[in-house]
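Hi everyone, thanks for coming.

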Amino acid sequence: MSPDKATYSAFISYSHALDGKLAPTLQREIERFAKPWFRMRMLRVFRDNASLSAQPDLWSAIERALSRSDWLILMASPEAARSPWVNQEVSWWLANRSPDRLLIVLTSGEFSWNQERGDVADAASTALPPALHGALDAEPRWVDLRWLHEADQVDRSNPRLRECVADIVATIREIPKDLLVGEHIRQHRRTIRLAWSAASALALLLVLSVIGFSVAVVQRNEAVNQARIATARQLAASAAANLGTRIDLAQLLAVEAYRMERGPQTRSALFQSVTASPNLVRTLPIGVPVTAIAGSADARVAVAGTETGRAVRWDLASNTVSEITVGGAPVVDVAISADGGKVIATDGSTTLLWDAAGNRRPVPAADVNVKQVAISPSGKLAATLAYQETASYDPDRTDATLTLVDGQTGKQVNHTPTSYWAELALVDDDTITAMNGGGLWRHLSTDALATTGAPSDTRERVPAGHFVAGYSATAEYFAYMKYQNVVAHHNITYDHDEVDLAAGTGYFGASMPISRPELLRISDRGTYVAAAGGGSLYAARLIWNAGGDLPDPIHLSGQGRAEALAFLGDGPELVSAAEGALTLWNLAQASPLSVRPRADLPSSPNAGGIPQIAVTADGTRVAVTNDAGQDWNADWVAGPAIHDFSGPELTTTRLDPEYRYRVPLWSPDGGRLLLFTNGGAADLLENGRVTAQWPARGEATIIGAQFSADGSRVVLADEVGGLQIRDAASGEVRTSTPSVLAGNSRAFADHSAVNGAAETAALVALDQSVSGPVVVIDAKSGTSHELPGDPAVSVTFSNDNLFVQHEDDSLDVWDVTGTTKRRTITGNIGYADALTVIPHTGLLARLRGDGTAVISDLESGDVLGSIRLPPMTRSSVTDPWSVTTLTATRNTGELITATSGGQLVYWRLTEDAWLDVACEAAGRDLTPADWRRVAASDPPADLRCRR
């Protein structure tokens, strides 16, 4: 029988808004009550959502269903009473069927019958639709289901629901309720017995199959997991092995290893891949050897010539690449205008001018053996120098040809015979400078290509024997390197009598630990020099050396044997080529993990302490105080200050010098800065201005301060171990504890800590010594105790732990109350006193005596790697790391290092930051070939670094 001709035992009318979830349950329980196990249902109940197919005329379909139903079940509620559909269904029933076949199920609201009137009580019956008012001659049958909206189980297992369903089914089937319930119980028991019989028969088979399947699945999953871990560790080990020569590959392998398995080994590999070469900015893979490089003076563009005859233009600002084919032979030289807009490149027989818009024009040359090209800073003029390979410098020879061309059209402007020159530069639109391998030079005018001024052809500037020569792109500076020393000369103001090496008066240069140099380049105005050889690359500032030790150069590691070098103007940016890739370096960059501006800090006197640092929770503002006075190397008094890092540029607000001895503390919202001095006296500053003051209580020097977790209290610790708990709003002292340090023992700010919830203070008690016992004080009770063990030098807290560092570099880990010692992390690598925990990272930073911050895992103590801090530049302190402090932002996962007479630097120490840095620096994605060279398994389908 088709659904349209079916007969329904009942029709459910209800409000979808209220009973949309209850109606399906009620329909199912009515249909299945007291049914034999082999039947699908005993009754058939119509419910619109379950029984109607898509109908163009909905009311006609509902009307047909009503006409084929024996009973109308009204799920009464205030929502149903307001529903026009429910009212229409009830109206149809009253008009076409008997009211005696109406059954009310009350789900919400009230139903009341007025016995005197023999009708519905209008005001009290909020659950009935208007059609029922005045339409009934006798009180209808009804069931109360209002409790069900508060029941935990809306199914047959609820006994109250079974009772209500039995009332409804007994009425519809016209069977006494007790007989119907008995039949329901019998059928249920029969079904259970049959189910248990079938279940018992299947149980054994199921158990056996599940056990077998589970064992197989566990073994398979374990094998897959072990293979994944092994592959990840293999990738991590290969990443570490490639750090010195292929850092781009090392970074990509480390990223994949960490994504496969986030364990100590892979995290360490990832961290080391982004810290191994701090000056690395970005790598651009080219795929073929590079034969020449030039960089624009504005440091925005680099151009490279390749062995395959291509010229590649790298826009460093947008990290985009364009290229042209110069000819069929390797490119021998390239040059670029100051703004990077014009490029000239040659392969010896073909020379092209190429602009940023993509236009290229051939450059005619008087000779096909072009070896040198140049272009003026404006791009207005370009030049070529052609000669035979056998040419050698002789000022009287004229077997080379110098050609001047128009930088826009490429047409020849002039040419002249000349001698061999090893370097050619257009200093400006009026002057060409040419140099030979011995550093001798001539200036020629561009209008007549004639020599101007006195040429430096009268005296050699280079030593006898093996050396390597280098030039600046402007040919303004010449240098040679021998015996690991670089000696530089200025080609315009150079006076031969100025430098007499034999007399030991000194020289302008640098020191490089390269025994066999191969390449040497100088920045445009002689600020920096770079040298490569033996697979090593170094760079340094050129300084005047009068016989003392030269500063250590910067080791630019991770790129293998350099093929070409070029500075970008006179700034710290350098481009090198190696292993088929270009690499951008920034000699002034502390680390790619340091992206915020750096703040200069005042110097500290020899007897002074470390900077006192307070940072807002979001990390945007840092308050710095210490006992520094005037910085004699600056024009301003470098005392206490607030440094704001919220914008692209650093802004600094200088505070009154009287605050230089005070302990700073930011309010939890970062709106107020509290500056504490002796006895807990404090000034409260908002926007750099004092808005309130707290009185002192006693004379002891405050060495630590912290807000409570809810921000309502401030806990102050003083130098003799006393605590004050003050109201954060008024500064009123709520409680205080007496000092706990005996005799002459004192605690200092850099040897003490208050935990983040202001519940516990830990102090190193010093008595004319650099170490002492640790005293732990409970801020609530005021009780204290001394930790057992060797003397300590510093302490710090994490959320759950107290860390105590000893003189032998071991680190004890206690619970935050200092009552249970959890473990000891051994170490003997020359740590200084400073240490801190970086919240939300699981990392601990410890300062070494060589100026590196060692980053370790909090749980295991395993070292991930280290970062080198910028050196002190303005102080007479002999040990800069004794006046360096470490702290961390509360919410952003950044370490902050601050050195008196040096700089305050932010370091990003989250894995997400490391992944970003690695992918940015690598400049490409891992290839399937890269993967197969390292791992035995097939590579993943997606090897993108950024995903």
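Let's start with Arg246, which is partly exposed, at a relative accessible area of 25%. Keep in mind that what you see is a predicted model. Arg246 has a salt bridge to Asp248, with 3.3 Å from N to O. And Asp248? Is that one buried or exposed? Asp248 is buried, because its relative accessible area is 5%, and the cut-off for buried is under 20%.

Asp248 also pairs with Arg924 in a salt bridge, 3.4 Å from N to O. Asp248 sits in helix α9, while Arg924 is in the loop between α11 and α12, so this pair ties together parts that are 676 residues apart in sequence. Zoom out a bit, and you get a network of salt bridges linking Arg246, Asp248, Arg924, Asp930 and Arg933.

In total, there are 24 salt bridges in the structure. Another of them joins Glu110 and Arg146, where the closest N and O atoms are 3.1 Å apart. Both of these residues lie in loops, and the pair ties together parts 36 residues apart in sequence. Glu110 is partly exposed at 41% relative accessible area, and Arg146 is partly exposed at 27%.

Okay, now the pocket. How many residues line it? The lining has 34, and lying nearest the centre are Asp552, Ile554, Leu587, Pro870 and Pro871. Strand β31 gives the most to this lining, with three residues. By class, you'd count 20 nonpolar, seven polar and seven charged residues there.

That's it from me!

Key. Residues numbered from 1 in each chain as written. Predicted model: local features only at pLDDT ≥ 70, side-chain atom pairs only at ≥ 80, totals over all residues. Heavy atoms only, no water. 1 Å grid on protein atoms, 1.4 Å probe; cavity = no way out; pocket = protein on both sides within 12 Å on 5 of 7 lines; lining within 4 Å. Helix = DSSP H or I, 4+ residues; strand = E, 2+ residues; numbered from the N terminus. Nonpolar A, V, L, I, M, F, W, Y, C, P; charged D, E, K, R; others polar. Salt bridge = Lys/Arg side-chain N within 4 Å of Asp/Glu carboxyl O. Buried < 20%, exposed > 50% of the residue type's maximum accessible area, 1.4 Å probe, protein only.
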